[in-house]
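Have the model open while you read.

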Amino acid sequence: MDNEIKGDNYQNIVNKQRKIFLRDLSNGLFRILILWTLKNKDLHGYGLMKEIDTFFQPQIEDGLINKSRSNKIYPILKDMEHDGLIKKYDGTHEKKNIKIYKITETGQKVFDHHKTNLQESMKREPWKQFTDYVMS
């Protein structure tokens with residue numbers, strides 16, 4: 001271990017690496033989180049953003065990742081709809097016309113595939129060693 005890294009410099013390095021890790025992790029999980037959220041209930045875009053922000057609340061509070069933004073989520077929703085993972089329908093919220101998103105059968109199958117794949121990956125080496133170490 002490098003004994004030269006101490007104090008504020010060490011903390012700056014740790015914070016930078018945490019931000020990079022969490023940014024990449026949150027970007028990679030975003031679509032899966034949308035499917036997972038819609039698996040439980042249909043929601044409009046703003047509702048999805050709030051659910052995702054709740055999921056990442058500790059990291060948002062620590063300033064490691066930003067809150068969800070419409071300019072990020074709506075292009076993803078459009079792409080997911082184009083791929084047949086979700087569909088939207090007209091609804092109302094507080095007397096306003098809105099689009100509500102619902103997971104499709106294809107979206108459910110894709111979610112289940114990712115879930116199974118992740119579970120299986122965690123059982124194989126070196127993933128098992130890594131997760132056992134991180135969780136211990």
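In which helix do Glu 105 and Lys 109 lie, and how many residues apart are they? Both sit in helix 5, 4 residues apart, which is about one turn of the helix. Helices here are DSSP runs (H or I, at least four residues), numbered from the N terminus.

A bit of housekeeping: this is a predicted model, where local features need pLDDT of at least 70, side-chain atom pairs count only at pLDDT 80 or more, and totals for chains, interfaces and linings use all residues. Residues are numbered from 1 along each chain as its sequence is written, and side-chain values use heavy atoms, with hydrogens and water left out.

The whole structure has 8 salt bridges (a side-chain nitrogen of Lys or Arg within 4 Å of a carboxyl oxygen of Asp or Glu).

| Salt bridge | N to O distance |
|---|---|
| Arg 31 and Asp 79 | 2.8 Å |
| Glu 81 and Lys 88 | 3.7 Å |
| Glu 105 and Lys 109 | 3.4 Å |

Arg 31 is in helix 1 and Asp 79 in helix 4 (residues 70-82), so this pair ties together parts 48 residues apart in sequence. Arg 31 is partly exposed at 35% relative accessibility, and Asp 79 is partly exposed at 31%. Glu 105 and Lys 109, by contrast, are both exposed. For the cut-offs, buried is under 20% relative accessible area, exposed is over 50%, and partly exposed is in between (1.4 Å probe, protein chains only).

Helix 6 (residues 127-135) holds Phe 130, which is partly exposed with a relative accessible area of 48%.

Terms used. Helix = DSSP H or I, 4+ residues; strand = E, 2+ residues; numbered from the N terminus.
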